[in-house]
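Hi everyone, thanks for coming. I'd like to walk you through one model today, so please have a look at the screen.

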Amino acid sequence: MHLLLSGIVGSVAYGLAGPGSDTDRIGVFAAPTVAFHGLRPPRESVVTTDPDVTLHEARKYALLALSGNPTATELMWLPEDCYETRTGFGEELIAIRSAFLSAPRVRDAYLGYASQQFRKLASRSADVGGRRRSAKHARHLARLLHQGRTLYTTGVLEIRLADPEWFRAFGERVAGGALGEAQALVAAAEAEFDRTRSPLPERPDEETVERWLLAVRAAYLPH
């Protein structure tokens, strides 16, 4: 495994981490190119829970980012202090990050993940543990909608939130019973997406992404 790019994502990167928050990491690695020609292709992802680390092989990562996956996408937009591994191929990946973006996929991915958080909210119980989880889901719902709208309207993904306290307060209000506020936030975001003309293209620039991936494959092919 050749690690190309990795960093701290999630609550720590957003500025939403609390005393009990986990530190989540994500990375991109390249498997040896010859491994793809054997009986058993290399693993596409390696996930550990202690510590919380998710590593995706270069092709899997590229496909996730091209689909608009928020967690994969944010690796290319992290604040400088959140990166832990940056190789030459990692720097190139950051340099071409806009090639992965397209208006429809950004809209669908961020709204889709936010709606998933809302469904989790709606199913949570009112006990103490349920309230804590509800506050977390509500914060991430609001964060996804904010990041998705910003990316859709400007072409830039804001990772570190300018006003994390607003998101914490929102989470507590929703966990305290203001589920309608979360539902209204989702509806408002949908309406904003619908009326906003995005600077992002209709389709991502797959040719640029393909050149990067082929360069990675060439670099890890024995001479």
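Predicted model: local features only at pLDDT ≥ 70, side-chain atom pairs only at ≥ 80, totals over all residues.

Residues are numbered from 1 along each chain as its sequence is written, and side-chain values use heavy atoms, with hydrogens and water left out.

Let's begin with the sheet. Five strands make an open, mixed sheet, in the order β3-β4-β2-β1-β5. Strands here are DSSP E runs of at least two residues, helices are H or I runs of at least four, and both are numbered from the N terminus. Two strands count as paired if DSSP finds at least two bridges between them. The edges are β3 and β5 (83–86), each pairing on one side only, and the twist averages 15° from one strand to the next.

A hairpin of two residues links β3 to β4, and V46 has L55 in β4 as its bridge partner. Contact, by the way, means heavy atoms within 4.5 Å.

Now the helix pairs. Axes are lines fitted to C-alpha atoms, for helices over the stretch in contact, and angles run from 0 to 180 degrees between N-to-C directions. How do α4 and α9 pack? Helix α4 (residues 88–95) and helix α9 (residues 206–219) meet at about 175°, with axes 11 Å apart. They are therefore roughly antiparallel; angles under 35 degrees count as roughly parallel, over 145 as roughly antiparallel, 65 to 115 as roughly perpendicular and the rest as oblique. On the α4 side we have F89, E92 and L93, facing W212, A215, V216 and A219 in α9. That contact has six nonpolar residues, no polar ones and one charged. For those classes, Ala, Val, Leu, Ile, Met, Phe, Trp, Tyr, Cys and Pro are nonpolar, Asp, Glu, Lys and Arg are charged, and the others, Gly among them, are polar.

Compare α7 (residues 164–175) and α8 (residues 179–195): their angle is about 125° and their axes are 7 Å apart. That makes α7 oblique to α8. Here W166, F170, R173 and V174 of α7 touch L179, E181, A182 and L185 of α8.

On to the cores. A nonpolar core is a set of buried Ala, Val, Leu, Ile, Met, Phe, Trp, Tyr and Cys residues joined through side-chain atoms within 4.5 Å, where buried means under 20% relative accessible area, exposed over 50% and partly exposed in between, with a 1.4 Å probe and protein chains only. The largest has 59 residues, and F100, L141 and W212 have the most contacts inside it. Helix α5 (residues 103–123) gives the largest share, eight residues. Apart from that core lies another of five residues, including F29, V46, V53 and L55.

Finally, A109 sits in α5. Is A109 buried or exposed? Its relative accessibility is 9%, so A109 counts as buried. A109 touches S67, G68, N69 and P70, leaving aside residues up to four places away in sequence.
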